[in-house]
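Please look at the sequence and the predicted model below.

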Amino acid sequence: MWCISSSIPRFIRPTSPAVTLSSFPSFRHLRKATLSPPPASYSALTLSETETIRSPELVAREYADLNLSDKFCQEVGHVRIRQHVNPLRSELMIPVEVPDWNSVYEDATLPLMVDIGTGSGRFLIWLAKRNSGFRNHLGLEIRPKLVKRAEYWVDELALKNIHFIYANAMVSFKQLVSSYPGPLILVSVLCPDPHFKKKHHKRRVLQKPLAESIVDGLGPGGQVFIQSDVLEVALDMRDYFDSEPDKLVHVDFIDPNMLCDNEGWLLNNPMGIRTEREIHAEFEGARIYRRMYQKQS
Ligand SMILES: C[S@@+](CC[C@H](N)C(=O)[O-])C[C@H]1O[C@@H](n2cnc3c(N)ncnc32)[C@H](O)[C@@H]1O
């Protein structure tokens with residue numbers, strides 16, 4: 001078992017109905033019958049399991065086939081996540097050096113997926129393992145220790161199509177993707193830190209310049225996938241991409257299998273795997289708000 005429990009930040013949502021559940025420690029570990037029905041991926045659990053299982057264990061099950069070790073924690077210590085990082089701190093406003101893509105990936109001409117605010121990296125590692133030989137993966141994360149551990153796992157699994165960079169995506173995304181030799185085909189911004197206080201909204205990772213860089217960087221047919229368990233944050237991200245109707249179209253217009261509710265939120269996760277925050281939030285009964293856009297040719 002690897003050191004997961006400390007790596008899952010919990011949001012206190014001042015206005016969300018989930019606040020009462022997520023705020024009180026007594027509700028932290030137990031899934032109560034009063035919560036909304038579990039998602040399909042819980043179906044393998046027995047009733048007594050759903051009543052007593054802890055959400056970090058669900059994370060472990062979701063990524064079980066990666067078989068990641070906890071050697072990193074044994075060697076370097078546990079990865080503790082406390083407060084959100086303030087990305088506007090002056091030392092975080094310096095763009096990172098662009099790596100030599102040919103030494104980073106086995107084939108640097110493959111299409112690229114970038115996950116912004118990748119957290120532990122397990123979600124992206126899972127995707128990289130399944131898309132070996134077809135797609136490269138780049139995880140951008142502002143917490144250096146998470147990046148070190150993710151890279152440790154990448155080495156362990158000997159994956160040649162994934163790389164993590166300790167970077168502030170707000171200031172480094174554009175030059176990283178514009179220097180990449182292959183096409184950018186998918187960008188994800190999944191459950192970003194909500195920074196609830198109004199005066200801190202500017203710390204949210206997705207701001208207009210980053211949204212514009214994503215849209216400009218995507219090749220024709222390229223996609224951007226956003227999601228959040230905080231409606232306000234999801235709406236904030238959605239506004240940026242809905243306001244580019246000449247360049248982007250929502251995927252339900254192209255693919256009838258991508259079903260949405262009346263408000264235009266995707267009914268299902270199109271990635272085939274949930275992120276850690278997503279697992280944790282669904283466990284607490286929260287809803288995930290998702291949109292996926294495709295760049296027009
Ligand atoms: C709530 S976590 C979500 C992680 C993952 N996407 C998930 O859904 O489980 C948000 C992550 O974004 C990272 N982050 C926040 N601001 C960032 C920025 N400006 N650039 C890169 N990463 C950032 C945080 O350190 C954190 O790991």
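**Basis**

Residue numbers start from 1 along each chain, following the sequence as written. The model is predicted: local features need pLDDT of at least 70, side-chain atom pairs count only at pLDDT 80 or more, and totals for chains, interfaces and linings use all residues.

**Overall fold**

The protein has 11 helices and 7 strands. Helices (H or I, at least four residues) and strands (E, at least two) are DSSP runs, numbered from the N terminus. Of the 297 residues, 39% are buried. Buried means that 20 or more other C-beta atoms lie within 10 Å of the residue's own; exposed means 12 or fewer; partly exposed lies in between, with C-beta atoms placed from the backbone. Contacts are pairs of residues whose C-beta atoms, placed from the backbone, lie within 7 Å. Among contacts between residues at least 6 apart in sequence, 79% join residues at least 24 apart.

The 7 strands form an open sheet in the order 3-2-1-4-5-7-6, with mixed pairing. Strand 3 (162–166) and strand 6 (248–250) stand at the edges with a single partner strand each, so one side of each has no neighbour in the sheet. On average, neighbouring strands are turned by 20° against each other, direction ignored. Axes here are lines fitted to C-alpha atoms, for helices over the stretch in contact; angles run from 0 to 180 degrees between N-to-C directions.

Strands of a sheet pair through backbone hydrogen bonds, either parallel or antiparallel. Two strands count as paired if DSSP finds at least two bridges between them.

| Strand pair | Sense | Bridges | Facing residues |
|---|---|---|---|
| Strand 1 and strand 2 | parallel | 5 bridges | Ile-116 and Leu-140 |

How well covered is strand 2? It is mostly covered, with 6 of its 6 residues buried. In a regular strand the side chains alternate between the two faces of the sheet. On one side of strand 2, Asn-136, Leu-138 and Leu-140 are buried; on the other, His-137, Gly-139 and Glu-141 are buried too. Strand 3 has 4 of its 5 residues buried, so the rest of the structure largely encloses it.

**Helices on the sheet**

Helix 8 (residues 169–179) has the buried residues Ala-169, Met-170, Ser-172, Phe-173, Leu-176 and Val-177. Why do they share one side of helix 8? They cover an arc of only 150° around the axis, which puts them on the same side. The arc is that of the directions from the helix axis to the C-beta atoms. Ser-178 and Ser-179 are exposed on the face turned away from the buried side. The cover over the buried residues includes strand 1 (112–116), strand 2 (136–141), strand 4 (184–190) and helix 9 (208–217).

Helix 9 itself lies across strand 4, strand 5 (218–228), strand 6 and strand 7 (289–295). It runs at about 145° to strand 5. Helix 10 (residues 231–242) also packs on the sheet, touching strand 4, strand 5, strand 6 and strand 7. Its direction makes about 160° with that of strand 5.

**The ligand shell**

Which residues come nearest to the ligand? Of the 23 residues around it, they are Gly-117, Gly-119, Cys-191, Thr-275 and Arg-277. Strand 2, helix 8 and helix 11 (276–283) each supply at least two residues of the shell. Helix 11 gives the largest share, 3 residues. By type, the shell has 12 nonpolar, 5 polar and 6 charged residues. Here Ala, Val, Leu, Ile, Met, Phe, Trp, Tyr, Cys and Pro count as nonpolar, Asp, Glu, Lys and Arg as charged, and the others, Gly among them, as polar.

Lys-295 is found in strand 7. It counts as buried because it has 21 C-beta neighbours inside 10 Å. Its contacts, leaving out residues up to four places away in sequence, include Val-215, Leu-218, Lys-247 and Leu-248. Gln-223 is 72 residues from Lys-295 along the chain, yet their C-alpha atoms are separated by 6.2 Å.

Asp-65 sits in the loop between helix 3 (55–62) and helix 4 (71–76). Asp-65 counts as exposed because it has 10 C-beta neighbours inside 10 Å. Its C-alpha atom is separated by 8.6 Å from that of Trp-126, 61 residues apart along the chain.

Technical notes. Two residues are in contact if their C-beta atoms, placed from the backbone, lie within 7 Å. A residue is near a molecule or strand if its C-beta atom, placed from the backbone, lies within 6 Å of it.
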